[in-house]
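Subject: Handing over a structure

Hi there,

Here is the structure I promised to pass on to you. Please have a look at it first, and then read my notes below.

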Amino acid sequence: MTIDLAALTAHNLARWQQVKLTRDFSAVVRRLAASEARYQVVSAQTGVPWYVIAVIHERESSQSWSASLAQGDLWDRVSIHVPAGRGPFKSWEDAAVDSLANCAPYAARWKDWSIGGTLTLLEQYNGLGYFRRGVPSPYIWAGTDQYRSGKYVRDGVYDPAVVDRQLGCAGLLLAMKALDASIFPSNASVPSVPPPSQAMPAPRPSISHPAKGSIGDLVASLVRTVILTFKRS
């Protein structure tokens, strides 16, 4: 089944625009933000924003520096979970670069880092089974009012009654943005016309541009009439 990623992006953006947190994210996002420097190292090599790397790290391994960003397996040995057969690596950073550049959904190739695009990339990272079912992904929305229950408890097995107790990526990003306004800095739409404060001011009345209805405007009109009559004669 082919997934319409544009439709998924629109769905995710619509949810983001009305989302509210239902759990406390503060302690987790402070912990993630404290490690920004390490995430920036990986970001510089992959082009993936540091805060996206951070929320993946939290979801995949509760920010364990011993676990790979790809699936939470230990990075100093060959991975056994999907993606299997990766590693061993020399460092957490090397494993993270490999997971973003060489493993599906190939986040290092992703170009749309708007809010909607980011959430779509993150949903692909976990799998699109929820979108196929028409339900919100807990990987993205757990801990917010956009999610109540439902989870894949193992590959191919979905239980609608199970509640994901981890915090979802959207809530993490929302809480991180509250701490750091530089997250998603260019997501606001560009107005089609300049706002009033930036609009070009109207010219001040002058001899060449008299105010409409003034004596100067009447004189200027008479002069134009005389000149036009002269040209026709």
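How many cavities of 30 Å³ or more does the structure hold? There is one, and about 50 Å³ of space lies in the largest cavity. Among the residues that line the largest cavity are S68, W75, R86, F89 and D98. A cavity here is a set of points, on a 1 Å grid over the protein atoms alone, where a 1.4 Å probe fits but cannot get out, and lining residues have an atom within 4 Å of a point. The volume is the space filled by probe spheres set on the points, with grid points joined across faces, edges and corners.

Before going on, a word on where this comes from. This is a predicted model, in which local features need pLDDT of at least 70 and side-chain atom pairs count only at pLDDT 80 or more, while totals for chains, interfaces and linings use all residues. Residues are numbered from 1 along each chain as its sequence is written, and side-chain values use heavy atoms, with hydrogens and water left out.

The average pLDDT (the predictor's confidence in each residue, from 0 to 100) is 84, and 79% of the residues score at least 70. Over residues 187–220, however, pLDDT is below 50, and this stretch has 11 contacts (heavy atoms within 4.5 Å) beyond near neighbours in sequence. Residues 225–233 also stay under 50, with zero contacts beyond four places in sequence.

Now for the overall build. The protein has 10 helices and two strands, taken as DSSP runs (H or I of at least four residues for helices, E of at least two for strands) and numbered from the N terminus. In order, the elements run α-α-α-α-α-α-α-α-β-β-α-α. Of the 233 residues, 38% count as buried, meaning under 20% relative accessible area with a 1.4 Å probe, protein chains only.

Two residues are worth a visit. T120 sits in helix α6 (residues 115–126) and counts as buried because its relative accessibility is 0%. Beyond four places in sequence, T120 touches L5, L8, T9, N12 and W110.

Q146 is in the loop between α8 (138–141) and β1 (151–154). Its relative accessibility is 11%, so Q146 is buried too. The side chains of Q146 and R15 are joined by a polar contact of 2.9 Å; such a contact is a pair of N or O atoms within 3.5 Å, where, within protein, one must be able to donate a hydrogen and the other to accept it, and residues adjacent in sequence count only if both atoms are side-chain atoms.

Best wishes

Conventions
Buried means under 20% relative accessible area, exposed over 50%, partly exposed in between (1.4 Å probe, protein chains only). On a 1 Å grid over the protein atoms alone, a cavity is a set of points where a 1.4 Å probe fits but cannot get out, and a pocket is an open set with protein on both sides within 12 Å along at least five of seven lines; lining residues have an atom within 4 Å of a point.
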